[in-house]
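Here's a quick briefing on the fold you're about to look at. Have the viewer open and follow along.

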Amino acid sequence: MRTIGLIGGMSWESSAEYYRLINEDVRTRLGGQHNARSLMATVDFGEIEAMQRAGDWDGAGKVLAEAAKVLERGGADFIGLCTNTMHRVADRIEAAVAVPFVHLVDATADRIRAAGIDRVGLLATRFTMEMGFYAERMARHGIEVAVPPAEDRAVVHEIIYGELTLGVVTDASRDAYRRIMADLAAAGCAGMIYGCTEITLLVDETDTTVPVFDSTRIHAERLVDLALA
């Protein structure tokens, strides 16, 4: 079994979900008492979030690149980043290490293409929905990404940062996400990406009428595929 390197802490709740999914998947595939061989370098989300607000993506990229180097020195065979938003600086991480970087968007796009879908809705942080890096990488795979209108993007973002990253889950927020997803489906989206690692703390595949692509679970499964290859 190869060793998975994980850059976590954005937030720690979502990193814990990665850890659970990866180890449950290994146990399901191998049985018995098996779990994944892994390392996690955890950054302080308070520092990263402040850099996000300030638009200091270069500074955030340096922090995550250093975390990747720690994992490489520790013996990781490849590296996954346990967050959607910070894939904004994936190129900085890839450039910092010699071991492979496993890109979340590529893994998610492969699953969407396998389902025969080429237009999807995206729920994520404001940065992921508005900065273009996510949609542009999806477009390389022939997938069109639609996002909610500005007012609803603000709702989605505030629920993530004001509630989910703090471990708060409410019925009112779940209803808001359901409404926004229904609007995206009505606008022609044949699938829905849960493009933030905290979103699955709030909603699941039963909360929308179209197929759900949970980027966290898909990415975790790709990491396990590589660990067991």
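Two strands count as paired if DSSP finds at least two bridges between them. With that in hand, I7 stands opposite L81 in β3. Helices (H or I, at least four residues) and strands (E, at least two) are DSSP runs, numbered from the N terminus.

Keep in mind that this is a predicted model, where local features need pLDDT of at least 70 and side-chain atom pairs count only at pLDDT 80 or more, while totals for chains, interfaces and linings use all residues. Residues are numbered from 1 along each chain as its sequence is written, and side-chain values use heavy atoms, with hydrogens and water left out.

- Four strands form an open sheet in the order β2-β1-β3-β4, with parallel pairing. Its edge strands are β2 (38–42) and β4, each pairing on one side only.
- β1 (residues 4–8) and β3 are joined in parallel over 4 bridges.
- Buried here means under 20% relative accessible area, with exposed being over 50% and partly exposed in between (1.4 Å probe, protein chains only).
- β3, helix α4 (residues 90–96) and β4 build a right-handed β-α-β unit. Right-handed means that, with the strands pointing away from the viewer, the path from the first strand over the helix to the second runs clockwise.

**Helices over that sheet**

- Helix α3 (residues 57–74) lies across β1, β2 and β3, at about 155° to β1. For such angles, axes are lines fitted to C-alpha atoms (for helices over the stretch in contact), and the angles run from 0 to 180 degrees between N-to-C directions.
- Helix α10 lies across β1, β3 and β4, at about 175° to β3. Contact means heavy atoms within 4.5 Å.

**The other sheet: β6-β5-β7-β8**

- This is also an open sheet of 4 strands with parallel pairing, in the order β6-β5-β7-β8. β6 (144–146) and β8 (212–214) stand at its edges with a single partner strand each, so one side of each has no neighbour in the sheet. Direction ignored, neighbouring strands of this sheet are turned by 30° against each other on average.
- β5 joins β6 in parallel through 3 bridges, and G121 stands opposite A146 in β6.
- β5 also joins β7 in parallel, through 4 bridges; L123 has Y194 as its bridge partner in β7.
- Y194 in turn has D214 as its bridge partner in β8, where β7 (residues 191–194) and β8 pair in the parallel sense over 3 bridges.
- β5 is mostly covered, with 4 of its 5 residues buried. Helix α9 lies across β5 (119–123), β6 and β7, at about 160° to β5.

**Helix α10 and T216**

- α10 (residues 215–228) has 14 residues and reaches 20 Å from first C-alpha to last, close to the 20 Å expected at 1.5 Å a residue. That expected span is 1.5 Å times one less than the number of residues.
- Its buried residues include I218, H219, L223 and V224.
- T216 sits in α10 and counts as buried because its relative accessibility is 0%. Leaving aside neighbours within four places in sequence, T216 is in contact with E17, Y18, L21, C196 and T197.
- At the start of α10, a side-chain oxygen of D214 comes to within 3.1 Å of the backbone nitrogen of T216. A polar contact is a pair of N or O atoms within 3.5 Å; within protein, one must be able to donate a hydrogen and the other to accept it, and residues adjacent in sequence count only if both atoms are side-chain atoms.

**T165 in its loop**

- T165 lies in the loop between α8 (150–162) and α9 (171–186), and counts as buried because its relative accessibility is 10%.
- Not counting residues up to four places away in sequence, T165 touches S11, E13, F45, I160 and E198.
- The side chain of T165 reaches the backbone oxygen of Y161 at 3.0 Å.
- T165 and G9 are 156 residues apart in sequence and 10 Å apart in space, C-alpha to C-alpha.
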